[in-house]
Amino acid sequence: MSTVLFNNTVLRDGHQSLAATRMTTAQMLPAAPILDEMGFAGLETWGGATIDSCLRYLNENPFDRLRALKKAAPKTPQIMLLRGQNIVQYTSFPDDVVEAFVRANAAAGQDIFRIFDALNDVRNLRTAIKTVLACGKHARGEVCYTTSPVHTVKAFVEMGIELREMGCHSIGIKDMSGVIAPRVAYDMVKELKARVGLPVTLHTHDTAGLGAASYLAAIDAGVDAVETSIVPFANGTSQPDTLRMLALLDGHPRCPKFDTKKLQQLREYFTGVYKELEKFTSPANERVDSDTLIYQVPGGMLSNFRTQLKEQNMSDKFEQVMAEIPYVRSCLGWIPLVTPTSQIVGTQAMLNVKFGRWTNFSQPAMDIALGKYGRTPGPIDPSVRELAIKKSGQQTVECRPADLLAPRMSKLREELAAGGLPTDDEACVLHAMFPREFAALHKKSAAPAAASAPAAAAAAQPAPAAAPAVGAPSAPMAPGQVQHFVLTVGGVRKTVQVQEIS
């Protein structure tokens, strides 16, 4: 077999997993040319939470980041993580918005699109895959790995066959929780290679300490590529370290060759960056956490939940909330735990523990029960579905959810023009997903030009900050009244309910 390929994730999933996605473009650019010379098969630089973080916290245009990184590292293909019909948000968008996003992304320099759906509903991948192919780019269809009574190697392979028939160039095994065992990784790669016949990449996290061993098993089974990061943005809730994987493969016939001195140089550089971001890091994310094997949840979700429960004076309820997660998953059709479903299931588990099961039924969880996110891997619990129908006054959705959405691009351009904002495709798709944050970014970027005139400079005021994600209700809430809010905790955007308890 040929040498296994390494993709590197330090510029995306590495810092998303260990530093709340706070690495800036300025911190990335000095390392990009070195990474470009290393011989990685791809550099994951975009997608996931990076777009949200750029706009909300870093005062950056994410498309400008992509262009800058492509210029700094022109030889190595750039990789992004795309949430199918959700793009990089938590809800479905119309087909024309998804198409515009992919076209704009491809034009800005993206090469490989990792396309997944949180429910593994391939209907939600169709538009993104079709558009990537039309742009002449590489479509990597992702199979979200998880464990449950309905998730088997056979079922994952059948999904791989569907992705091949949709035109994907390769298949990715996306193990977001870091729970794929070495033997399962071996069997899954063997079956995908034999029955699907496309290149296969394994992406995992080392949260539970299985990542490197599972990579070794997958490499023995013939996996084409694995994804590694660079210490200190490696191991723990991130991907296994590149140098560590090289040591584990020493003497293996498929071991790739990398300049270890340059890897050490990169480690020294990123150690400085990690120190700059230390307020966003946590020792809990850096160590092996076997709890993830018990609860089958992503490591980042574990760390966020510890923080959130502490803020709500529920630290003593951690075990109860974690134990509630499998119950909520089973009721909601054994959905995989990946953005946005991990946040939805986690929030509902917390509400169940705090208020009693399904007393507070969060809107996103209700939407999953109603089929608004797509087809779940297993059946929805009938009593939970009936409760969702009763509380919402709506019937279940049986078709692809996006089929019910009207085109939006024309309306988005009108909204932007009315606000004096750019109306190109990049602006439209950012406005569609993050309207307040995009408007605030544009005002900030326009402020220096406006302040160049002396009169304007004298009257200049600080650029307005992005509007807060949650505001206070305009009037006191009545006992039993429920209000819905969107708030951001630890860099994770969540929909929550607030109820006045009488």
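What follows is a short chat about this predicted model.

Biologist: Is threonine 21 buried or exposed?

Modeller: Threonine 21 sits in the loop between α1 (10–18) and α2 (25–28), and its phi is positive, near 60°. Buried means under 20% relative accessible area. Threonine 21 has 6% relative accessibility, so it counts as buried.

Biologist: How do the rings of phenylalanine 6 and phenylalanine 258 pair: stacked, tilted or edge-to-face?

Modeller: The structure holds eleven aromatic pairs, and phenylalanine 6 with phenylalanine 258 is one of them. Their centres are 5.6 Å apart, with 20° between the planes. Planes under 30 degrees apart count as stacked, so this pair is stacked.

Biologist: And what about tryptophan 358 and phenylalanine 361, what kind of pair do they form?

Modeller: Both residues are buried. Their ring centres are 4.9 Å apart and the planes are at 55°. Under 30 degrees would be stacked and over 60 edge-to-face, so the pair is tilted.

Biologist: Which ring does the charged end of arginine 22 sit over?

Modeller: The charged end is 3.7 Å from the ring centre. The cut-off is within 6 Å. The ring belongs to tyrosine 57.

Conventions. Residues are numbered from 1 along each chain as its sequence is written. This is a predicted model: local features need pLDDT of at least 70, side-chain atom pairs count only at pLDDT 80 or more; totals for chains, interfaces and linings use all residues. Side-chain values use heavy atoms; hydrogens and water are left out. Helices (H or I, at least four residues) and strands (E, at least two) are DSSP runs, numbered from the N terminus. Buried means under 20% relative accessible area, exposed over 50%, partly exposed in between (1.4 Å probe, protein chains only). Rings of Phe, Tyr and Trp (its six-membered ring) pair if their centres lie within 6.5 Å; planes under 30 degrees apart count as stacked, over 60 as edge-to-face and the rest as tilted. A charge sits over a ring if NZ of Lys or CZ of Arg is within 6 Å of the ring centre and within 35 degrees of the ring normal.
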